[in-house]
Amino acid sequence: MKGWLLVTWALTGKDLRLFLADRRAVVLCFAVPVLLATIFGMIFSQDQTAPKRLCVVLHVDQSEEALHISNLLANHPGLDVKTVPHLVGGEPLQDSWAKLALVITSDLSKPESPPKYQIFYHPTAQMEAQLLEGVLMETIAKKWTAHLQQLPTVREMFQCEKIAVNISQQSSFDAYGHSFTGMTVQYLLFWGLECGLVFLRERRTGIWQRIQASPVTIFQALLARTLATAVIAQMLILVMFTAGNLLFGVRIHGTILAFGVLSITCSFLAAALGVFVAAIGQHEARARSLFVLVILSLSMLGGLWMPAGFLPTWVDRLAPLLPTRWAMDGLREVVMDGGSFPQIVPHLLALLIFIMGFFVLAICRFTWFEAQQRKGFQR
């Protein structure tokens, strides 16, 4: 057992020494993600308001008339409606990704004329507020036509007040916190890809064949590459958040335990991706082109570049299938929302499933490849 561990550690040390041999490459490995995170933070910090999802939140009373109005609005193709019985957090739009909130201030079950409504809207959603007012007018008009032959005037049908809400006073959006978190996850994946490409290069140049000739198992070689990749990925996380804290005041508001466990898990996610690339890739150039596209797509759809509130609704349905969304949401929970370990348990479990999936597929692929080589079929 001791000899097995010594061999594995020797292979891990070899990979670490190769990484540290090129000092300029080491500096670029850490400097580029910091620079990109800074650029994204500067872009989003121009407006410190929290970005909101384009949907409508209805705060209605419990009367049948109010529920009828909300159902009619929900059937409108231009609105994404969520009905709630009371104000969230005591204020419209607070702790919500909505840009609009419709508050029915009158009890529609009582004969009050005209009913009163309030539309709260994000300052960047003035056009959406006008659209909601028009849809509300259309909906109430249809309701009146079902009972009357002649429509009353608009003021007789309802009164609507539009109110712009200063979200920045309620919950500020940490632009640099988001950008440094997102760029950290993205460059963890890129680092995993680079380690996988190094593995393909070693196989092409014959280094992998020499390792096979030694008393080293496939599992030992993969474990050593995984540990080396994870160690460097952890260094990248520490550098990113240290730079974010020193340059822009990015703080970890959650517990250190939760951040530490989640960062280690994300490091092994990068390592698992590298092993997976090495297993299924046959040519370095082809694998690089393919997986760069895959990583950029996962970064965009996973909310690493911009907050998830800016993304379409169908992306939310796709989110559980993306490791980047689980990693980003978990880090956001700890870094910006002050979450503790229990809050990130679902994210950890999801990431572990992805890690195990990558490793199982990689080991199966390597085992099959070695079996083919023993039979004399060189791919």
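Begin by selecting S297, which lies in helix α10; helices here are DSSP runs of H or I with at least four residues, strands are runs of E with at least two, and both are numbered from the N terminus. The model is a predicted one, in which local features need pLDDT of at least 70 and side-chain atom pairs count only at pLDDT 80 or more, while totals for chains, interfaces and linings use all residues. Residues are numbered from 1 along each chain as its sequence is written, and side-chain values use heavy atoms, with hydrogens and water left out.

S297 counts as partly exposed, at 28% relative accessibility; buried means under 20% relative accessible area, exposed over 50%, and partly exposed in between, with a 1.4 Å probe and protein chains only.

Now display α10 (residues 284-301) together with α6 (residues 175-205): the two helices pack at an angle of about 170 degrees, with axes 10 Å apart. Axes are lines fitted to C-alpha atoms, for helices over the stretch in contact, and angles run from 0 to 180 degrees between N-to-C directions. The angle makes α6 roughly antiparallel to α10, a term for angles over 145 degrees.

Proceed to F180 and L262, which touch the most other members of the largest nonpolar core, a set of 67 residues. Such a core consists of buried Ala, Val, Leu, Ile, Met, Phe, Trp, Tyr and Cys residues joined through side-chain atoms within 4.5 Å. Helix α6 gives the most to this core, with 14 residues. Around L262, select G330, L331, V334, I344, L348 and L351, which L262 touches when residues up to four places away in sequence are not counted. A second, separate core has 13 residues, including I69, L102, Y117 and L136.

The last stop is R225, in helix α8 (residues 218-248). R225 is buried, with a relative accessible area of 7%. Leaving out residues up to four places away in sequence, R225 touches K14, D15, C195, V198, F199 and E202.

Terms used. Parallel < 35°, antiparallel > 145°, perpendicular 65-115°, else oblique. Contact = heavy atoms within 4.5 Å.
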